[in-house]
Amino acid sequence: MKRPIVELAGTGRYVPERVLTNADFERMVDTSDQWIIERTGIRERHIASAEETIACMATSACRQVLEAAGVGVEEVDSLVVGTASPDRFLPSQACDIQKVLGANNAAAFDVGAACSGFLYGLNVAEGLIAAGTGKNVLVVGAERLSKITDYEDRTTCILFGDGAGATLVRPSSDGKRGILGNYQKTDGRLGDLLYRSSGGANEPPSEEMLKGRGYFIHMAGRETFKSAVRSMADACDQALSRAGLTGDQVDLLIPHQANMRIIEATAKHAGLPMDRVYVNIDRYGNTSAASIPIALDECVRSGRITAGSIVLMVAFGGGFTWASVVVRW
Ligand code: ACO
């Protein structure tokens with residue numbers, strides 16, 4: 001088994017108060033509570049207000065992390081942020097979080113890996129620490145997908161929610177706690193199955209672009225679903241094998257919360273009964289890069305994860321990207 005280089009210390013989350021229920025969607029598009037629950041497992045999702053920017057939500061999550069870890073904001077040397085819905089494109093989202101948080105001694109940058117952004121961020125943090133570049137790396141996953149969701153498209157609008165989560169990565173305190181195995185992979189050939197076509201330098205904002213609704217997330221749901229099931233199974237196998245573990249040694253699986261049926265298929269592949277799988281998709285929907293750190297914080301604060309727990313996290317998202325991290329808490 002790999003001797004961990006880094007451990008995760010402290011967690012935090014922020015979820016906006018406002019809720020959109022399936023009943024709300026029944027009034028907005030041609031859908032039903034029953035269809036949404038049966039096909040996705042989602043009952044409600046949280047939607048940010050005008051003041052709840054990503055910088056504000058992420059800063060709140062980061063402050064909780066620092067308090068839990070007993071680390072001062074001035075000790076943070078890197079701030080790594082996963083998001084697909086930044087407050088603005090330039091500077092990076094990480095720069096705006098750094099400013100609000102006051103982490104003035106940190107190098108701050110984004111990792112673009114859509115829903116896999118938080119786990120890619122953990123892997124980058126491990127690399128920074130292994131290279132001797134960092135000692136206290138804040139890793140954030142934060143999204144305001146409600147701003148890039150087309151509320152006239154019933155195939156996507158029912159899925160997404162807003163929120164933020166974070167953790168601190170630092171050198172393993174005892175050589176036993178921490179990341180035991182990890183994996184990340186991308187297939188850019190499948191990028192056109194889940195994308196936003198406009199707003200970037202290729203297709204700058206224009207009246208035509210807004211009319212064509214290119215600003216919003218587009219997704220080929222069925223194809224994405226099939227790739228997600230396949231890739232999350234692959235990611236589980238890879239991280240476990242690198243850690244020298246098997247599924248039955250995992251205390252808790254925290255999968256990206258995209259669809260209840262994908263979660264169930266991933267659990268089945270890993271040989272885990274559903275009582276060892278964390279599910280909160282019913283309350284939050286798909287919060288992309290924020291989904292795993294929000295779930296992680298809920299598990300830590302509720303005592304579902306305790307010292308020594310073996311936790312397998314696995315994600316899949318636009319790119320396509322997929323990733324996994326297995327950690328001894
Ligand atoms: N209400 C009612 N009917 C609907 C709705 C809705 N909200 N949405 C679609 N339908 C209809 C479709 O129009 C279709 O009707 P038709 O048969 O008459 O054409 C029918 O339901 C079935 O549509 P499918 O797309 O096949 O439905 P599916 O069971 O695949 O569920 C879903 C769709 C929920 C989107 C699913 O495909 C999914 O979860 N995909 C993966 C999502 C994912 O993992 N994303 C990755 C991360 S996201 C990120 O990176 C930001």
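Which helix gives the most to the positive patch? I looked this up first: helix 8 (residues 221-243) does, with 3 residues. I took helices (H or I, at least four residues) and strands (E, at least two) as DSSP runs, numbered from the N terminus.

**Entry 1. Basis of the model**

I note that this is a predicted model, in which local features need pLDDT of at least 70 and side-chain atom pairs count only at pLDDT 80 or more, while totals for chains, interfaces and linings use all residues. Residues are numbered from 1 along each chain as its sequence is written, and side-chain values use heavy atoms, with hydrogens and water left out.

**Entry 2. The positive patch**

I listed the members of the surface patch of positive charge as Arg-39, Arg-222, Lys-226 and Arg-230. A patch is made of residues with over 30% relative accessible area and no salt bridge, like charges being joined within 9 Å and nonpolar side chains (Val, Leu, Ile, Met, Phe, Trp, Tyr) within 5 Å. Lys and Arg count as positive and Asp and Glu as negative, with His and the chain ends not counted. I placed each charge at NZ of Lys, CZ of Arg, CG of Asp or CD of Glu.

I then turned to Arg-230, which is found in helix 8. Arg-230 counts as exposed at 56% relative accessibility. The classes are buried (under 20% relative accessible area), exposed (over 50%) and partly exposed (in between), with a 1.4 Å probe and protein chains only. The areas come from the Shrake-Rupley method.

**Entry 3. The chain as a whole**

I recorded 11 helices and 13 strands in the protein chain. The C-alpha trace spans about 55 × 45 × 35 Å along its principal axes. Of the 329 residues, 56% count as buried.

**Entry 4. Salt bridges**

How many salt bridges does the structure hold? I found 13, a salt bridge being a side-chain nitrogen of Lys or Arg within 4 Å of a carboxyl oxygen of Asp or Glu.

I examined Arg-177 and Glu-7, whose closest N and O atoms are 3.6 Å apart in a salt bridge. Arg-177 is in the loop between strand 7 (162-171) and strand 8 (178-186) and Glu-7 is in strand 1 (residues 6-14), so this pair ties together parts 170 residues apart in sequence. Arg-177 is partly exposed, with a relative accessible area of 22%, whereas Glu-7 counts as buried at 1%.

A second salt bridge joins the side chains of Arg-27 and Asp-24 (2.7 Å, N to O). Both residues lie in helix 1 (residues 22-28), 3 residues apart, about one turn of the helix. I noted Arg-27 as exposed at 65% relative accessible area and Asp-24 as buried at 19%.

A further salt bridge links Arg-283 with Glu-298, the closest N and O atoms being 3.0 Å apart. Arg-283 lies in helix 10 (residues 281-284) and Glu-298 in helix 11 (residues 291-302), so the pair ties together parts that are 15 residues apart in sequence. Arg-283 is partly exposed, with a relative accessible area of 30%, and Glu-298 is buried at 7%. I traced one network in which salt bridges that share partners join Arg-13, Arg-283, Asp-297, Glu-298 and Arg-301.

**Entry 5. Loops and backbone**

Between helix 10 and helix 11 I found Ser-288 in the loop. Phi of Ser-288 is near 50 degrees, a positive value in a residue other than glycine. Is Ser-288 buried or exposed? Ser-288 counts as buried at 4% relative accessibility.

Ala-114 also has a phi near 50 degrees, positive in a residue other than glycine. I located Ala-114 in the loop between strand 5 (107-111) and helix 5 (117-130), where Ala-114 is buried at 18% relative accessible area.

I checked the peptide bond from Leu-90 to Pro-91 and found it cis, with omega near 0 degrees. Pro-91 lies in the loop between strand 4 (78-82) and helix 4 (93-101). Another cis peptide bond joins Gly-319 and Phe-320, with omega about -15 degrees. Phe-320 is in the loop between strand 12 (310-317) and strand 13 (321-328).

Notes. Accessible areas come from the Shrake-Rupley method with a 1.4 Å probe; for residues, only the protein chains shown count as cover.
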